[in-house]
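Dear colleague,

I am passing on a structure that you have not worked with before, and my notes on it follow below. Please read them with the model open beside you.

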Amino acid sequence: AQQVGLSPTPCLERVRRLEKNGYITGYVALVDPDKLNANTVAFIQVSLTSTSTRNLQNFSEQMQRLEEVESCHMVAGGFDYLLKVRCADMQHYQHFLGEELAAINSVAQTHTYVVIEEVKSETAIPVT
């Protein structure tokens, strides 16, 4: 309220209106991945055997079930999906890749990029 020059009551009303209108969809806590033993991050390009509607829906459903998958995006270009996965270590990642991701029938090929250093990671969307 102080930052926008309003008293708390009108500020709270505006926040509630933003929630009601769907601009604010939820609240999260940011946690330290090191303390949760989840500090190995990798991006994986995934190509499917076919981009039929059934394959796309099946893959999307599978991604929802895998706790290591932090984000999954269907993309246009040279592959079909870009995953961001978070694991405890490389051994955990190897298990995820070989036993979880490779077990999905529609996965044809993957390419992995392991993060060495996180340079910037924002969760906020700039409001102008």
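**Helix α1 and what follows**

Helix α1 covers residues 8-20, and at 1.5 Å a residue these 13 residues should span 18 Å, which agrees with the 18 Å between its end C-alpha atoms. Here helices (H or I, at least four residues) and strands (E, at least two) are DSSP runs numbered from the N terminus, and the expected span is 1.5 Å times one less than the number of residues in the helix. Please keep in mind that this is a predicted model, in which local features need pLDDT of at least 70 and side-chain atom pairs count only at pLDDT 80 or more, while totals for chains, interfaces and linings use all residues. Residues are numbered from 1 along each chain as its sequence is written, and side-chain values use heavy atoms, with hydrogens and water left out.

Just after α1, Gly22 adopts a positive phi of about 85°. In the loop between α1 and β1 sits Asn37, a residue other than glycine that also has a positive phi, near 55°. Asn37 counts as exposed because its relative accessible area is 51% (buried is under 20%, exposed over 50% and partly exposed in between, with a 1.4 Å probe and protein chains only).

The largest pocket has a volume of about 660 Å³, and of the 22 residues that line it, Glu70, Lys84, Arg86, Glu118 and Ser121 lie nearest its centre. Two or more lining residues come from each of β1 (40-48) and β3 (81-87). A pocket is an open set of points on a 1 Å grid over the protein atoms alone, where a 1.4 Å probe fits, with protein on both sides within 12 Å along at least five of seven lines, and lining residues have an atom within 4 Å of a point. Grid points are joined across faces, edges and corners, and the volume is the space filled by probe spheres set on them.

The second largest pocket holds about 340 Å³, and its lining includes Leu18, Tyr23 and Ile24. Leu18 belongs to helix α1 and, leaving aside neighbours within four places in sequence, is in contact (heavy atoms within 4.5 Å) with Tyr23 and Ile24.

With best wishes
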